[in-house]
Amino acid sequence: MGQWDDDETQTVVGDRESLGKILSPKATNRDRAYVIVIAGPNVGEMFKVSGLTEIGRGQQVAIQIHDSEISRRHARLVTDGDTVIVEDLGSTNGTFVNGHPIDKVTLADGDKIQVGTTTILKFSYHDDLDEQFQRHMYEAALRDGLTGAYNKKYLSDRLESELAYAQRHESALSLVLLDLDHFKKINDTYGHLAGDYVLRGLAEGINASVRKEDVFARYGGEEFAILSRGIDGPSAMQFAKRLRTWIEMYPFIFEGKKLPVTASLGVATYPDLQIEDGEAFVQKADEALYAAKEGGRNQVIAAT
C-alpha cells in the first residue's frame, strides 16, 4: 500500500516517429566540428566550428572567452574540407595543442587546445544528440533551476574577469544587488508556491530589461545581482531606480490575490570605488543594500 504498483499501470505510448528521426543514421552522423571549454572561465560552453572561427576575449570574435590572459584575437580555427586547422594569431601567451606550443596545426578528434595559461578547449566531432546533451548540461551547470538566472558561481567567475577587464581598460563596471523585502512573509502568508511564482516573475522581467552582455544571477534565496560592463555610477543608479519602481508596480497576482512585492537595492561601481577583487566588489554592493534595508526598505542606495 502506498507503493508504485508497476503491474497495474499502463505504459504510455511514445512518439516512435520523432524518436526514429532523432536516431536515424543521418541525425547521428558525427560530422560537425565543435570545441568545448573544459577549463577556464567559460567551462562547459560549446561552440560550433565552421569556416573561419576566431578565439579571443574581444567583442568581435566568434568564440569569446572571458579570460584576461587571452589576447583579443588569440587564435583561429579554419575549416578546410574535412579537416580543421588551429592557428595562433601572434597572441601574448601563446596557443598549445596537447601541451605543445604551435603556430599552425591540423586538429584530430579529442585534441586539447590551450589558449593563454588557464583556458583549455577540447576539439571533437558531434551529432545532434551530442550537441543537445552538451548544451543541456552546460545550461544546467550555470543556471538556477527555478528562475533560469545564472547561479552564484557563474557570477563570481564573471565578476573576476569583468573587473580585470575594467581595470585594464580603465572602464566602468557596475554591480547591482537586489533583495526582496519581507519575502518570508509572502511565503508564510500565501505559501511557498506563491513565493516561487514571485521569483520566477521577477527573473523573467529583469531578463527582459537587461542587455545581452549583462550578467543577471540569483545570488541567494531572494537576492539577485546584475553585473553591467561599461555602465557608470549615475547610469547604474538610474537603472536600479527604474527596476525598484517596476517591482513595486508590477501586478504579481497569484490565485487571484495581488501579492505585496517590493525590493531594496544596493549599487557599487568601479572606478568610483577602490575595488581590488570580486569579493570586495560584492561587499561594497552588499553594504549599500544593507543601508537600503536599514533605511526603511523599498529604496536604492549607492555604495560610497
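Visitor: In which sense, left-handed or right-handed, does H5 pass H6?

Guide: In this predicted model, H5 passes H6 in a right-handed crossing. Helix H5 (residues 192-209) and helix H6 (residues 233-249) have axes 12 Å apart and pack at an angle of about 145°.

Visitor: What makes H5 and H6 meet, and which residues take part?

Guide: Contact requires heavy atoms within 4.5 Å. Gly 201, Leu 202, Gly 205, Ile 206 and Ser 209 in H5 meet Phe 239, Leu 243, Trp 246 and Ile 247 in H6. These residues divide into six nonpolar, three polar and no charged; Gly counts as polar here.

Visitor: Why are S13 and S18 said to stand at the edges?

Guide: The open sheet has five strands in the order S13-S14-S12-S17-S18, with mixed pairing. Strand S13 (215-218) and strand S18 (300-302) each have a single partner strand, so one side of each lacks a neighbour in the sheet.

Visitor: How do you know that S12 and S14 pair?

Guide: Pairing requires at least two bridges, and S12 and S14 share seven, in the antiparallel sense. Leu 178, for instance, has Phe 224 in S14 as its bridge partner.

Visitor: Which residues touch the most other members of the largest nonpolar core?

Guide: Leu 178 and Leu 180 do, among 30 residues. Members of such a core are buried, with side-chain atoms within 4.5 Å joining them. Among the elements that each supply at least two residues are strand S12 (173-180), H5 and H6.

Technical notes
Residues are numbered from 1 along each chain as its sequence is written. This is a predicted model: local features need pLDDT of at least 70, side-chain atom pairs count only at pLDDT 80 or more; totals for chains, interfaces and linings use all residues. Side-chain values use heavy atoms; hydrogens and water are left out. Axes are lines fitted to C-alpha atoms, for helices over the stretch in contact, and angles run from 0 to 180 degrees between N-to-C directions. Helices (H or I, at least four residues) and strands (E, at least two) are DSSP runs, numbered from the N terminus. A crossing is left-handed if the near helix is turned anticlockwise from the far one by less than a right angle, and right-handed if clockwise. Buried means under 20% relative accessible area, exposed over 50%, partly exposed in between (1.4 Å probe, protein chains only).
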